[in-house]
Structures are given as C-alpha cells and as structure tokens.
Amino acid sequence: MTSIKGAAVLVTGGQRGLGEAFVAEFLDLGAAKVYATARDPAPAGDARIEAVALDVRDEAAVADLARHARDVSIVVNNAGVPAREPIVKESVANVQAVFDINVFGPLRVAHHFAPVLAANGGGAMVNIHSALSWAAGAGAYGASKAALWSVTNALRVELAGQGTQVLGVHLGYTDTGMTGDLKVIKNDPRRVARDVLIALNEGETEVLVDDVSRRFKAALSGPVEGLSWTIRDGEVIVGDPARTASDHHNT
C-alpha cells in the first residue's frame, strides 16, 4: 500500500494525454508535488507542479533529475511513442528507436530512481503497459510493451526487498492525442488514472483497466492464435482470425 496524500510524485510524459490525467488525479488525491516531465515542457500554471525537461533516452538527464527530485516516493513511467507499421516493414533502426523510449526509458528511470524510492521508505513505481503487450501482430509497439511488461515483473521481484510497490498497468485504446485519429471505443484518461491510483493505494501489483485488457490476459492461457485481434465497429475483438494489417493500431 502506497500513500498518495502528501507525496512527491514523478510522472514522465506528464504534460499531455494520460500523463496529464495522472498529474491531475494525483493532485486531487492529495499529492503535495508532482514533477511532470516533457521533452519541451510548458509552464505548469500550478505551484504544486514542477515542469521538467526530460528525454528518457538521455541517461545523464535521468540521472540529473534523480539527484534533483530527491523527495520523490512515487514514480509513474508513462512516456512512450507509438509505432503502427507491421514489424516486418519497420527498419531495425526504427524498432530500436521505439524500444529506446518504451523499454529502456523506463529502465533508465528505474535504475536512477530506485535508490531515491528506497531512501524515502520504498514508495512505488508504476509502469504503463498496454493491452497490446499480449497481442499478436501489434508491431514494434506491442513488442516494446511486452518487453516492458517483462521488465516490470523483474523490477517487482528485485525491488521488493527495499519495500517498493511495483504496479503494472494494462489498458486498451484511451482518448489521448496518440489515438486521436482512430475510430475506436476509447477509455477516459481521467478514469484510467483514477482506477490506477485506487489500485496503488490498495497495494495492488497489476491493473487491467478495461475489458480489452482482461480478454487479452485470459487469452494468454490458450493457443497463441487466440492472441490475434481485429477492430470491428470501433471495438477491439480478441481472438478473431479474420484480421488485416490495417486493423492493427496502437493503444
């Protein structure tokens, strides 16, 4: 169980989309301060929010932030990038670029902030995955989120000894700028953030935000063909073999 009231929080990618929703919900639930990162941050307009420039690909910048934000007890690894092409059509360099942000970015943050969390009593680390962590044919994005899921499971075991709660979050399409052009049923980002913070407060280790995530998780116990998917009338259909490459988009 991690207390939010009075906490100092770090949210990467915290100035738009789901990250912005997390910042708002943390403050609504009593957090004292939120460091909200962006590559090119705008003024926050709230004394409780410190806007911080950060590119999670930059090891030195992550290390500098960890030295600066010594009061942090909750970290949310939210920053990420999409990739909608089939993985066989992506260059290896492009796949590496996606992994550098979606996988190694959170890992850099974990490396540098784990000691900060330990010094502050353990705290919590929240990693934002995707329903596509478990999907077949989700391109470099799905592959990167699958890798992050595995990293999160490793961190959960390795940081348990210092009392750090590690929470993995899986969600389907959510109404952010990343999915603005997609005609699909979408989650409300504020509801997603609130559900995650409730789970954090209750000491959970995994959150399946929506039915899409729950269906993919259930399909893991069956044949791998069941991890295929399509979009029909705006709804993600899990386990439907009648799919096309154009159906495959990112959450």
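Trainee: Is Trp149 buried, partly exposed or exposed?
Mentor: Keep in mind that this is a predicted model. Buried would need a relative accessible area under 20%, and exposed would need over 50%. Trp149 has 23%, so the label is partly exposed.

Trainee: And how does Trp134 count, buried or exposed?
Mentor: The cut-off for buried is under 20% relative accessible area. Trp134 comes out at 3%, so Trp134 counts as buried.

Trainee: What kind of aromatic pair do Trp134 and Trp149 form?
Mentor: You describe a ring pair by the distance of the centres and the angle of the planes. For Trp134 and Trp149 the centres are 5.5 Å apart and the planes make 80°. Planes over 60 degrees apart get a label of their own, so with 80° this pair is edge-to-face.

Trainee: How many residues apart in sequence are the parts that this tryptophan pair ties together?
Mentor: Trp134 sits in the loop between strand S5 (124–128) and helix H5 (139–158). Trp149 belongs to helix H5, so the pair links a loop and a helix, at a sequence separation of 15 residues.

Trainee: How many aromatic pairs turn up in the whole structure?
Mentor: Trp134 and Trp149 make one of them. Phe22 and Phe26 make another, with ring centres 6.4 Å apart and planes at 35°, so that pair is tilted. Searching the whole structure gives 2.

Trainee: What separates Phe22 and Phe26 in helical terms?
Mentor: Both phenylalanines are buried. They lie in helix H1 (residues 17–28), and because they are 4 residues apart there, the separation is about one helical turn.

Trainee: How far apart are the C-alpha atoms of Val76 and Val103?
Mentor: Along the chain these two valines are 27 residues apart.

Trainee: Which backbone nitrogen does the side chain of Asn102 reach?
Mentor: Asn102 is in helix H3 (residues 92–102), and with 0% relative accessibility it counts as buried. Beyond four places in sequence, Asn102 contacts Gly80, Val81, Tyr141, Ser144 and Leu148. The side chain gets to 2.9 Å from a backbone nitrogen, that of Val81.

Trainee: What is the radius of gyration of the chain?
Mentor: The chain has 7 helices and 9 strands. For 251 residues the globule rule gives 18 Å, and the chain's value is close to that, so it is as compact as a globular protein of that length. The C-alpha trace spans about 50 × 35 × 35 Å along its principal axes. The radius of gyration itself is 17 Å.

Trainee: What share of the contacts comes from residues 24 or more positions apart?
Mentor: Buried residues make up 50% of the chain. Counting contacts with a separation of 6 or more, the share from residues 24 or more positions apart is 66%.

Trainee: Over which residues does pLDDT stay under 50?
Mentor: The chain has a mean pLDDT of 91, with 92% of residues at 70 or more. The stretch you want has 35 contacts beyond four places in sequence in the model, and it covers residues 243–251.

Notes
Residues are numbered from 1 along each chain as its sequence is written. Side-chain values use heavy atoms; hydrogens and water are left out. pLDDT is the predictor's confidence in each residue, from 0 to 100. Contact means heavy atoms within 4.5 Å. Rings of Phe, Tyr and Trp (its six-membered ring) pair if their centres lie within 6.5 Å; planes under 30 degrees apart count as stacked, over 60 as edge-to-face and the rest as tilted. Helices (H or I, at least four residues) and strands (E, at least two) are DSSP runs, numbered from the N terminus. Buried means under 20% relative accessible area, exposed over 50%, partly exposed in between (1.4 Å probe, protein chains only). A polar contact is a pair of N or O atoms within 3.5 Å; within protein, one must be able to donate a hydrogen and the other to accept it, and residues adjacent in sequence count only if both atoms are side-chain atoms. The radius of gyration is taken over C-alpha atoms; the globule rule is 2.2 Å times the number of residues to the power 0.38.
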